[in-house]
Amino acid sequence: MEGNDGNKEQIVDVRSVVEAVSVEDGDVPVYQVESLCMRCGENGTTRFLLTLIPHFRKILLSAFECPHCGERNNEVQFAGEIQPRGCCYSLEIPPGNPKMLDRQVVKSESATIKIPELDFEIPPEAQRGTLSTVEGILVRAADELQALQDERKKVDPQTAEAIDQFLMKLRACTAGELSFTFILDDPAGNSFIENPCAPSSDPSLSIKFYERTPEQQASLGYLVDSSQIGAGHAAVEEAGVADQGRREPHGSIGAAAGHRAIAQSNSAEIAEALFRYTAPEEVMTFPSTCGACATRCETRMFVTKIPYFQEVIVMASTCDACGYRNSELKPGGRIPEKGKKITLTVKNVKDLSRDVIKSDTASVKVPELDLELASGTLGGIVTTVEGLITKISESLERVHGFTFGDSLDENRRSKWLDFRARLKKLLSLEEPWTLILDDALSNSFIAPATDDLKDDNQLTFEEYERSWEQNEALGLNDIDTSSADGAYEAGNDAKTE
């Protein structure tokens, strides 16, 4: 034992540390391991501490110090699970705003940092797991580039001069003199950039969640079929799908068996909500790839029509290898010409039980709380009004959970606690409140409480023309259907003749 009992520092071997950080213990000591210093070759000391950031992640902090040469470094590793989807944070930093550079950043060992304006990228292996700020990460990158400049000037003066010019721009960004975009892309989904405006949206910060590619799955340590790498989702050929896909009659996998099959794939809410309207005529199954372990699995799909809404496609996947289950709701038919804004005034308990379909292109607003969630935040879900508010609360604590921790000052902590209390009050219905779904593709829906939509005075649907920016974000401005239209007209002319 080294040090007093209060520090709880022990010198142990690496195996003991691994065993210690694997246990669920609220009073975890600081462990010390003797390790080699890569600068001087002597032995230094690495300290390990397993800790939990409230409402965020369980992390392993390690700090190395060499008493011989003074070398010091630290690292953050995630001791918890890899998230189902990757995340990409994009922070727009204007000049003359130093507070933007003080935002806290959690960078996992699998995350990449990019600054497009400088054509600059920090790969995962360059800076491993880090708990820092935007300024701290840029300063560290500049210092590491500067460290070998004297040697470069002797060997390759031209490259050294180019790096000097680049360092001037990088340090100008670090000082807040230039505007730039700070992008944090993590396929493991364990990285984070602080949003000081939370729970409100931050106009300077955008978050996107995405499905990992086979290459990213392999980099995270998942077992991936070598034939899938480089081929992506195009690896499944149409002929193979046609041969292996099968259609089941309505009786065998339709109303009763289909209800059971979909529900077993983590789709109980979808099944209960959609079968309330109509049972599918048939369920189609086809081979696919597991989003967690990238092994072969089976996806079930059926099409159903929801009154007052439209045709939708329900897809559910189950992986027998790792147990991963996933369900998705996709709109059917053509892309609507207009967007739709749905407004519901929630007054009683029955309103909390209304069915809600929120697509991944819909934003959610609650004006009474000044709450706004951008499109894509929760993905596409089928739930109820009560379930949607619960998912919003869970999502805010997960995405912005780091700001709930003990590093938060009292003023902002009280603001968060007050907002969380007001969010929970919505479900107690102490006073009426408004739920707004704004979907540029009109793929969202709130069920009416009456048989005739016109008789529901608490629910309104408003259509609007999409802006050019919205069409651009959805990729609609680049769609060229002239060749398809020509082929369709030619086919009609041939039939007429």
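Student: How many cavities of 30 Å³ or more does a search of the whole structure find?
Tutor: The search finds 2 of them. Keep in mind that this is a predicted model.

Student: How much space lies in the largest cavity?
Tutor: About 60 Å³.

Student: And which residues line the largest cavity?
Tutor: Among them are Phe309, Gln310, Val312, Leu329, Lys330 and Pro331.

Student: What does the lining look like by class?
Tutor: There are 6 nonpolar, 4 polar and 2 charged residues around the largest cavity.

Student: OK, new topic: helix α12. How far apart are its end C-alpha atoms?
Tutor: They're 27 Å apart. That agrees with what you'd expect, because the 19 residues of α12 (residues 410–428), at 1.5 Å a residue, should span 27 Å.

Student: Which residues of α12 are buried?
Tutor: Trp416, Phe419, Arg420, Leu423 and Leu426. Looking down the axis of α12, you'd see these buried residues fall within an arc of 105 degrees, so they line one face of the helix.

Student: Why would residues three or four places apart point the same way?
Tutor: Because an α-helix has 3.6 residues a turn.

Student: Then what does the face turned away from the buried side of α12 carry?
Tutor: That face has the exposed residues Glu410, Asn411 and Lys424.

Student: Why does Lys424 count as exposed?
Tutor: Its relative accessibility is 55%, and the cut-off for exposed is over 50%.

Student: What's the C-alpha separation between Lys424 and Ser393?
Tutor: It's 8.2 Å, although Lys424 and Ser393 are 31 residues apart along the chain.

Student: What follows α12?
Tutor: Leu429 does, and the phi of Leu429 is positive, near 55 degrees.

Student: Does Ser110 count as buried or exposed?
Tutor: Ser110 counts as buried, because its relative accessibility is 15% and buried means under 20%.

Student: Which side chain is joined to that of Ser110 by a polar contact?
Tutor: The side chain of Asp186, at 2.6 Å.

Note on methods:
Residues are numbered from 1 along each chain as its sequence is written. This is a predicted model: local features need pLDDT of at least 70, side-chain atom pairs count only at pLDDT 80 or more; totals for chains, interfaces and linings use all residues. Side-chain values use heavy atoms; hydrogens and water are left out. Helices (H or I, at least four residues) and strands (E, at least two) are DSSP runs, numbered from the N terminus. The expected span of a helix is 1.5 Å times one less than its number of residues. Buried means under 20% relative accessible area, exposed over 50%, partly exposed in between (1.4 Å probe, protein chains only). The arc is that of the directions from the helix axis to the C-beta atoms. On a 1 Å grid over the protein atoms alone, a cavity is a set of points where a 1.4 Å probe fits but cannot get out, and a pocket is an open set with protein on both sides within 12 Å along at least five of seven lines; lining residues have an atom within 4 Å of a point. Grid points are joined across faces, edges and corners, and a volume is the space filled by probe spheres set on the points. Ala, Val, Leu, Ile, Met, Phe, Trp, Tyr, Cys and Pro count as nonpolar, Asp, Glu, Lys and Arg as charged, and the others, Gly among them, as polar. A polar contact is a pair of N or O atoms within 3.5 Å; within protein, one must be able to donate a hydrogen and the other to accept it, and residues adjacent in sequence count only if both atoms are side-chain atoms.
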